[in-house]
Amino acid sequence: MSSQMAFVGRAVAGFRPNHESGGIAPSDFTDTDITEVGVLRAVAWYMEKNPLPGKPTMAPGELEFMKPLNASGLFKAYFQADVSPNRFGKALKEIIDGNNQVEIYHTEDSSFFFHCEDVGKRSSFLELVGRDVFQRFFNLEGYSLTFVIDTTGSMANDIQQVKEVSIKLLRKYSGSPDAPYNFILVPFNDPDVGPVRVTHSVDRFESFISGLTVTGGGDCPEMSLTGLKLALQESMPRSKIFIFTDAGAKDASLLDEVKVLIDSSKSEVNSALTGYCSSRKRRGTVEESPEASHRRYSNLYEELAAYSGGYYMMTSKSELTQVLGIMELSLNAAPVKVTRARLRGTLFSFPVDETLTEITVSIKSTSSSRFSMGVLQPSGAQVTSTETVIDRESYKVVKVTRIDQRGAWSVTVSPSGSYEVEIGGKSLFDFSYQVMQQWDEYVLPIQGRPVKGSNYTVSLKMAGESEGAQVQRLVSVSEEGDSMGSIALNQTSDATGNLLAIAPLSFQAATTLLRVEGLSPGGLNFSRVNPDPVSTESVKIVPIAGQNGTMPPGGLLEVSVLVVNDGSEASFSFNVWDDLGFLQSFRPSGSVLNPGETLILTATFLATGDNSSFASSIATFTARSSSAQNYLKLSITVIPETALEIDEIPPVHRLLNFYMPCVGQIQHQADCSRHIWNMRFSARDAHSAVTVRINTDPSRLSCRPRRTKDSKDVICQYDANCCSPYAEVLISDENGNTDSFTVDYRRPRPTVA
């Protein structure tokens, strides 16, 4: 065999978890890239097999092999409309983040690994889990429109108004890509909450609301946060939730738990109040609430709306109908926030790029004063074809569905004053972000909330048709909309062509919104604000490396985390829970921590004896003081005894054929792409199926079982052009054992940075 082929006995260097960790070229495939390609192919194959009702059947490979294959293009081709893939992106991110965490905490425990390539093996994963689970796993079903309704006696007229307005809107959008996947109703009273009613039918949803019985309500407050918590648990990720009440929350102690659910689901909570009382007073009495954790908010409903990027509306019962139009803004399959700012004066400008198909303008007087407004196009002409969503003295929202001009638009208000301005719209061109931190040699996503004043890396990923776009600045924005500073972005890309940008950032405020500015694919100025705020804390919870996260049926498991107080001396209370009820106990329940002091929080879990198959539960650890709160989520897995047998024998490979014409100057010539090199090799393991990965271009690698349905022994073929006579191959079994080899004919060899 040629001496120019290098064989190594470890994971090859090219398989880093992500591009943020550095050390590789943008065209090299990382674990993140390979996962994304595999998942997109699986989802594309599923979509081809399951066309939408009324849509034509798709040809095999029409979506799976589309170029380029990305989430925005795939969803647009499937729905034949602008439908954002952000819910699917959340599922993909959770898979990637989970594998990244394995790099730190469970490198020796193969039960934690998610074999990302297996998802892309066409129908294998779909056949394993079934259609319904496949849809839920990747959040393909869409979003829920969820109503959380107070059913005490004073709410009868409110409920009737909500039903009349909402059903009219839902019928208007029924059958469109903007319509919700399902409708959920969660009634609450005191002490009763529920039952939860779920339907896909507008008619059934109307009957659910009509069937509500109002009773009681002679005093305040009610169990509103228990109802909201249940709604967050039952709704799809990134859902639109509306809470209707005229009372405060009797269960305000659940506020932090509700915020954790908002963090994990990314759902939007909108509050419509027709009065407020937080004690045993007459309903409709508007008073300052002691429940809100920040002095700026009048009550916790406003706090939760701001925290989740939703709307807060306080009105009278007679005027409730006038603000319910805000629900129409939720019926948007591709929502974006263009900008959010504080206007001091009479004129505010904002960019409208070529990807926006509609605009919404929201203006609120900070002094609750009467004002008038207008929307101006770049030519200076006033827009007359606006739809009024809300028209109150101190709060107005209008929608522009016809955009004739692109460029710098303006909003005018009179009189001059202080206003909160938010510009939204509809577009696939948007961005997501991750807050990341250095862990040994890797840069990986943090868990929980960042610590105020600490240094982080913010990674931005553009979605939609972003080719040609330039991301130039990352702006930190306060909750009120004031700019707190900007930083230049380093633009790059990953191996699949996604546009990335990375910047170092230290969060100094309690809450920060992130705004990206630059040039759109068409060369116009653009602005986008991510609706998910970054909330900082002065306490953090850190996993302890090397712990086992699995237990057999009937077995006990202890998991410990490290609580670190980065703030002033405080008394902390601790809590632990998990999705499947495995938790038996935790210790301690509370402690006083001095500045810089740490504490070990330990939880004990028990898998009941009837768990004879795999089961996974998410455990949540929380630490809370009067001024700080943070959380950490860890996976707890039940593994049958038969699956705990240890296999430490790695797979093996054998080169069967190898053709390399890329010698001399061929690889440096203009026509290097016309010359092809190839190799054929086998990969085999004695005990389990093998997975083969390559760090250059996975689409040019094909593997098939040597014998029918025997994935323990496969034959692989790979070819590439002479512009890149290089490949790193990693072969792994289901127990984490690996074999690898490298082909490198590059001349001269690149130097290691």
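Student: Which residue just after helix α2 takes a positive phi, and about what value does phi have there?

Tutor: The model is a predicted one, and in it helix α2 spans residues 71–79. Just after α2 comes Gln80, whose phi is positive, at about 55°.

Student: Which residues of α2 are buried, and what arc do they cover around the axis?

Tutor: The buried residues of α2 are Ala71, Ser72, Leu74, Phe75 and Tyr78. They lie on the same side of the helix, because the arc they cover around the axis is only 165°.

Student: How many residues of strand β6 are buried, and why is β6 described as largely enclosed?

Tutor: One side of β6 presents Glu268, Asn270 and Ala272, the other Val269, Ser271 and Leu273, and these are all buried, which leaves both faces covered. In a regular strand the side chains alternate between the two faces of the sheet. Strand β6, residues 268–273, is largely enclosed by the rest of the structure because the number of its residues that are buried is six of the six.

Student: Is Val148 buried or exposed, and how far apart in space are Val148 and Ile243, C-alpha to C-alpha?

Tutor: Val148, placed in strand β2, residues 144–150, has a relative accessible area of 0% and is therefore buried. Beyond its neighbours within four places in sequence, Val148 is in contact with residues including Val186, Phe188, Leu228, Phe242 and Ile243. Although Val148 and Ile243 are 95 residues apart in sequence, their C-alpha to C-alpha separation in space is 4.5 Å.

Student: What percentage of the contacts in the chain between residues at least 6 apart in sequence join residues at least 24 apart?

Tutor: The chain has 753 residues, of which 55% are buried, and it contains 12 helices and 39 strands. Among its contacts between residues at least 6 apart in sequence, the share that joins residues at least 24 apart is 73%.

Notes:
Residues numbered from 1 in each chain as written. Predicted model: local features only at pLDDT ≥ 70, side-chain atom pairs only at ≥ 80, totals over all residues. Heavy atoms only, no water. Buried < 20%, exposed > 50% of the residue type's maximum accessible area, 1.4 Å probe, protein only. Helix = DSSP H or I, 4+ residues; strand = E, 2+ residues; numbered from the N terminus. Contact = heavy atoms within 4.5 Å. Arc of directions from axis to C-beta.
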